[in-house]
Amino acid sequence: MELRVLNYFLAIAREENMTRAAQMLHVSQPALSRQMMQLEEELGVKLFIRSNHNIILTEDGLLLKRRAQEILSLADKTKREFIHREAELTGEIAIGSGEFLSTRELAKAMVAFREKHPLVQFRLHSGNADNVQDYIERGLLDLGVMGEPVDIRKYAFVPMPVKERWGILVRSDSKLAQKERIVAEDLAGLSLVTGSREFNGQLIDWLGEMYDQLEIAAVGNLLYNEAMLVEYGMEAVLCIQLDACYRNLRFIPLYPEVESRTALVWKKDSVFSRATSAFIEFTTQYLKAISGDKR
């Protein structure tokens, strides 16, 4: 399976028309059709449902579309990593992160690193822990900021020097808005928005008997979107505190206090580009120095 053929396939999937795709690719329509027939024979599946006016992907075609996008993205990333000048460090570093206070320390490290190596570029991917970990496993991300604990059998990591504080976001006119802290019983009967259906051990311990009584109204992976649900009618978001202000909403910490930690992780025994290896070394020392200053 050639990368060129995957590019052809994605062009057809995008245009939904063989003739338009052939024009865009500057190849003849019969030649493009032959390539797709050969691709279907190679994979042993039917990729398209053809009609007089358009082309629709089958379920196998949709799967190949996702895989082709990943393969071509990884191939492009690999090519960029090898394009570098002898005298200067260049290349792209792909980093994933959830929404954490600790992301600000990562941002500082990235800026400081790029001041030393201005030809290096960063590509940022925002997602939850499962999403970031999946992309690291596929090789689409080099590093990621994720919540601890980290699987030390698979990943190397450096702890982020910031604690994440848990609480809830409620509307300023909520009955809870005047409270200075939230206990588990305060969540009884509330329509809650959370970042996951599965809570970490600390939250489960904090919730105690309330854990089985929670009413989860919605689950999201971006706090801004979750906050909008509360602004327009749902009662609270169970979340960590970020450096952000939301109109008409107030953050109230949990009591007893619940804190979590994050870490910058990367796969053990991976072979990285010069730029990524240099960034890992630089950021490890940078974050350790910050951690020392905060003791």
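UniProt positions are given here in the numbering used for the structure, with feature names shortened, and such annotations may be inferred rather than shown by experiment. On that basis, an unreviewed UniProt entry lists residues 1-58 as "domain: HTH lysR-type". In the predicted model, the end C-alpha atoms of this span lie 19 Å apart, and the span is 62% helix and 10% strand, where helices (H or I, at least four residues) and strands (E, at least two) are DSSP runs numbered from the N terminus.

Residues are numbered from 1 along each chain as its sequence is written. Because the model is predicted, local features need a pLDDT of at least 70 and side-chain atom pairs count only at pLDDT 80 or more, whereas totals for chains, interfaces and linings use all residues, and side-chain values use heavy atoms, with hydrogens and water left out. The pLDDT, the predictor's confidence in each residue on a scale from 0 to 100, averages 90 over the protein chain, with 96% of the residues scoring at least 70.

A search of the whole structure finds 18 salt bridges, each defined by a side-chain nitrogen of Lys or Arg within 4 Å of a carboxyl oxygen of Asp or Glu. One of them joins Glu40 to Arg50, with the closest N and O atoms 3.9 Å apart; Glu40 lies in helix H3 (residues 29-43) and Arg50 in strand E1 (residues 48-50), so the pair ties together parts that are ten residues apart in sequence. By relative accessible area (buried under 20%, exposed over 50%, partly exposed in between; 1.4 Å probe, protein chains only), Glu40 is buried at 12%, whereas Arg50 is partly exposed at 39%. Another salt bridge is formed by Glu70 and Arg138, whose closest N and O atoms are 1.9 Å apart; this pair links distant parts of the chain, with Glu70 in helix H4 and Arg138 in helix H6 (residues 129-138), 68 residues apart. Both residues belong to a network of salt bridges that also includes Arg67 and Asp134, and Arg138 is partly exposed at 33%.

Aromatic pairs were assigned to rings of Phe, Tyr and Trp (its six-membered ring) with centres within 6.5 Å, planes under 30 degrees apart counting as stacked, over 60 as edge-to-face and the rest as tilted. The count comes to eight such pairs. The rings of Tyr224 and Tyr246 have centres 6.5 Å apart and planes at 45 degrees, so this pair is tilted; Tyr224 lies in helix H8 (residues 223-231) and Tyr246 in the loop between strands E9 (236-240) and E10, 22 residues apart. Phe282 and Tyr286, four residues apart in helix H9 (residues 274-293), form a stacked pair, at 6.0 Å centre to centre and 25 degrees between the planes. Phe282 and Tyr286 form one aromatic cluster with Phe113, Phe122 and Phe279.
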